[in-house]
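Subject: Handover of a structural model

Dear colleague,

Please find the model below, followed by an account of what was found in it.

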2 protein chains.
Amino acid sequence: MASLEHTLIEARPMTGGDGPLSYAKNSPFQKGVVERGKLMIIEGIKNKLDFKIFDTSNKFLIADFGCSAGPNTFFGVENIIEAVGIKYRAQNKDSPPLEFQVFFNDLTDNDFNTLFRTLPSYQKYFAAGVPGSFHVRLFPKSSLHIGFSSCALLWLSKIPREVLDCKSPAWNKGSIIQCNEHSEEVAKAFLGQYASDVDTFLTARAQEIVGEGLMVIQSPGRPDGVLMSQTSTGITFNLFGSCLADLSKMGVIAKEKVDSFNLPLYFATVKELEKIIKKNGYFSIEKLEVWDHPMFRAMKLDPQARCVQFRTVSEGLVKMHFGDNTVEEIFNYYVKKLEENYSAYDKASNHQIEMFILLKLKIN
Amino acid sequence: MASLEHTLIEARPMTGGDGPLSYAKNSPFQKGVVERGKLMIIEGIKNKLDFKIFDTSNKFLIADFGCSAGPNTFFGVENIIEAVGIKYRAQNKDSPPLEFQVFFNDLTDNDFNTLFRTLPSYQKYFAAGVPGSFHVRLFPKSSLHIGFSSCALLWLSKIPREVLDCKSPAWNKGSIIQCNEHSEEVAKAFLGQYASDVDTFLTARAQEIVGEGLMVIQSPGRPDGVLMSQTSTGITFNLFGSCLADLSKMGVIAKEKVDSFNLPLYFATVKELEKIIKKNGYFSIEKLEVWDHPMFRAMKLDPQARCVQFRTVSEGLVKMHFGDNTVEEIFNYYVKKLEENYSAYDKASNHQIEMFILLKLKIN
């Protein structure tokens with residue numbers, strides 16, 4: 001399962017609380033991303049952060065865009081704090097220590113109560129929550145020294161309109177619930193929405209981050225030339241699509257509902273994302289690394305575990321689209337579907353990548 | 001009923017959500033405080049705010065300490081924003097407009113999800129939530145231009161230890177649930193806790209507010225020479241105390257539970273608060289006004305409405321102390337108690353005051 005940490009504006013975010021089906025309890029994959037990212041963050045900050053971006057008061061402000069309610073957001077910002085602290089102490093031995101303030105951002109419907117309740121007690125920073133879509137401005141100008149976003153930018157702000165329009169050649173009907181190789185128009189529409197979303201994200205951050213401040217982006221993607229259906233994530237999605245198609249034939253859910261259900265996600269290639277960042281123009285790319293997630297090779301998830309992982313990030317969308325009453329039936333059937341088709345995963349698991357991108361805001 | 005917007009560290013905050021018993025739906029009194037305060041805020045900012053406290057980036061940062069989840073917090077900060085905006089535009093006609101960032105602070109158990117969901121859609125500022133007790137530092141040094149706290153400082157961080165110690169002369173046993181005139185030791189213990197809490201509050205804010213920044217405090221209190229039992233709030237509390245005593249005799253709740261229940265509140269006189277602020281020494285008192293709350297004269301609350309108002313702010317404490325199961329029975333009986341003794345309010349209603357205090361942080 002891919003890391004799906006942010007959800008679209010119209011939808012529910014990750015399953016809240018800390019129960020057995022919560023995002024907080026079911027995000028080991030995302031934790032793996034954070035841990036691997038740690039080394040890259042430490043090196044990136046060591047080489048690219050310039051302390052002249054500080055004001056005189058020794059405040060250092062960090063924001064996590066698309067934090068969700070889970071514990072991974074804390075690991076991510078702590079890595080940044082550790083890296084900044086190491087570099088600062090080495091360069092400023094006689095100065096008072098930095099004071100960090102961390103802003104945790106996610107959509108208004110995110111479970112901020114759980115996020116706040118689970119803040120680490122050894123907290124080395126002042127914490128704040130910032131509700132709202134990261135596709136618009138969330139902070140005053142020149143407020144932040146480092147922005148951070150892990151596993152969030154792949155979530156689209158909305159399903160592209162043409163994909164939902166039965167008169168458009170890009171109509172994504174039937175059990176095909178994602179951008180996929182079956183239709184060039186659909187893929188184009190999804191990429192278009194992704195490009196627009198990343199552009200508005202970067203434009204907003206360019207106002208909020210101080211000149212020469214950094215933006216760290218971690219996101220799953222796919223290698224050039226690899227189709228989504230060849231990745232384990234794509235298989236998970238496609239099996240969920242067939243599950244919906246079956247349930248529609250069985251009369252459990254309406255066919256029109258299946259036609260209009262799409263996952264608001266886009267797994268970009270490095271080239272696609274690089275092109276969008278360059279076209280936006282506000283940031284220079286200081287570092288861009290691509291790596292395999294170790295869990296893709298090592299993890300042996302059974303169908304039940306894959307279902308829970310997918311449910312953690314998709315339940316809100318499924319509920320909103322199909323109604324509260326059918327959710328249990330849909331996911332119960334999905335486990336069966338996964339069990340019956342589990343061999344499909346055998347070929348695919350090495351094809352997903354993680355991208356680490358370190359950006360620096362250009363000075364106007 | 002007094003305005004009880006903040007609760008103690010160990011306790012539950014105001015009843016969350018926006019149901020019929022929520023704080024959000026039952027705080028017209030507090031709204032009255034905010035509206036009356038508006039004129040004083042506008043005049044205070046006009047006369048006392050100096051724009052040289054700004055950095056160059058046109059950010060203006062405000063924090064509401066003890067915001068709760070209700071809508072009054074929005075009115076309060078909007079008054080400040082309006083007042084700052086008027087003064088700024090008059091003095092800086094050619095400058096770009098200010099960008100406001102507002103931090104809503106309350107205890108971690110406050111219902112921030114409701115707070116965020118009910119943020120006004122016409123929002124003229126960037127919003128953030130800050131969880132934690134305002135008796136400690138919540139922000140980096142020199143982060144805020146104006147601090148604001150309405151109806152919150154009267155909540156104590158804890159019940160003074162001696163009040164709960166059956167061997168102390170200050171033991172507040174029986175149905176006496178507050179600081180009161182029956183025992184000098186009890187009153188002294190409550191005042192001591194209040195003084196300590198206000199001192200830690202001001203000391204933390206003195207670090208967080210920029211030099212010559214402002215701190216606006218609104219709080220209910222009592223006039224010199226007036227006993228709590230002579231105010232309508234004191235009557236409400238004392239009737240709740242007798243209600244608990246009755247229920248203990250009826251075997252519904254244990255006598256020891258009644259002995260150990262206290263309201264963590266202190267209604268200071270202006271002189272008491274003034275002395276604490278001066279002793280703390282970080283802030284100069286720029287303005288201090290005392291006024292009657294118009295609702296005390298005008299409002300005709302029936303027993304049911306008084307019960308709902310009291311319950312809104314005390315339910316968390318009552319639940320925590322007596323257990324979830326007895327809460328309904330306690331408040332049902334309380335309505336009867338209020339009905340039977342309602343004439344007690346006739347003499348008392350003019351004796352409570354509201355205090356408005358404008359402080360300016362001294363430069364070191």
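Of the residues of chain A, Gly129(A) comes closest to the rotation axis, its C-alpha lying at 2.5 Å. The surface used is the same in both copies, since 96% of the contact residues of chain A recur in chain B (contact meaning heavy atoms within 4.5 Å). Chain A can be laid on chain B by a turn of 180° and a shift of 0.0 Å along the axis, with an RMSD of 0.0 Å; the superposition is by least squares on the C-alpha atoms of residues with pLDDT of at least 70 in both copies. The two copies are thus related as by a two-fold rotation axis.

Some conventions apply throughout. This is a predicted model, in which local features need pLDDT of at least 70 and side-chain atom pairs count only at pLDDT 80 or more, while totals for chains, interfaces and linings use all residues. Residues are numbered from 1 along each chain as its sequence is written, chains are lettered from A and ligands numbered from 1 in the order in which they are written, and side-chain values use heavy atoms, with hydrogens and water left out.

Helix α7 of chain B

Helix α7 of chain B spans residues 270–280, and within it Val270(B), Glu272(B), Leu273(B), Ile276(B), Ile277(B) and Asn280(B) are buried. Seen down the axis of α7(B), these buried residues fall within an arc of 165°, so they line one face of the helix. The arc is that of the directions from the helix axis to the C-beta atoms. Buried stands for under 20% relative accessible area, exposed for over 50%, and partly exposed for the range in between (1.4 Å probe, protein chains only). Helices (H or I, at least four residues) and strands (E, at least two) are DSSP runs, numbered from the N terminus.

On the other side of α7(B), the exposed residues are Lys271(B), Lys275(B), Lys278(B) and Lys279(B). The cover over the buried residues of α7(B) includes α4 (184–208), β6 (283–292) and β7 (353–361) of chain B. Gly281(B) follows α7(B) and has a positive phi, near 85°.

Salt bridges

Over all chains, a search of the whole structure finds 34 salt bridges, each a side-chain nitrogen of Lys or Arg within 4 Å of a carboxyl oxygen of Asp or Glu.

Lys287(B) forms a salt bridge with Glu289(B), with 3.7 Å between the closest N and O atoms. Lys287(B) is buried, at a relative accessible area of 13%, whereas Glu289(B) is partly exposed at 28%. Elsewhere, salt bridges that share partners join Glu99(A), Arg137(B), Arg205(B) and Glu208(B) into one network. Arg205(B) and Glu208(B) are three residues apart in helix α4 of chain B and so are separated by about one helical turn. Arg205(B) is buried at 0% relative accessibility, and Glu208(B) is likewise buried at 0%.

Cysteines

The structure holds zero disulfides over all chains, a disulfide being a pair of cysteine sulfur atoms within 2.5 Å. Cys151(A) is in no disulfide, and the nearest cysteine sulfur, that of Cys67(A), is 13 Å away. Cys151(A) is buried, with 0% relative accessibility, while Cys166(A) is exposed at 52%.

Two loop residues

Ser143(A) sits in the loop between β3 (126–131) and β4 (144–150) of chain A and is buried, with a relative accessible area of 6%. Its side chain reaches the backbone oxygen of Pro140(A) at 2.7 Å. Leaving aside neighbours within four places in sequence, Ser143(A) is in contact with Leu61(A), Glu208(A) and Lys59(B).

Asn341(B) lies in the loop between α10 (327–340) and β7 of chain B and is partly exposed, at 28% relative accessible area. The side chain of Asn341(B) reaches the backbone oxygen of Lys337(B) at 2.8 Å.

With kind regards

Methods
A polar contact is a pair of N or O atoms within 3.5 Å; within protein, one must be able to donate a hydrogen and the other to accept it, and residues adjacent in sequence count only if both atoms are side-chain atoms.
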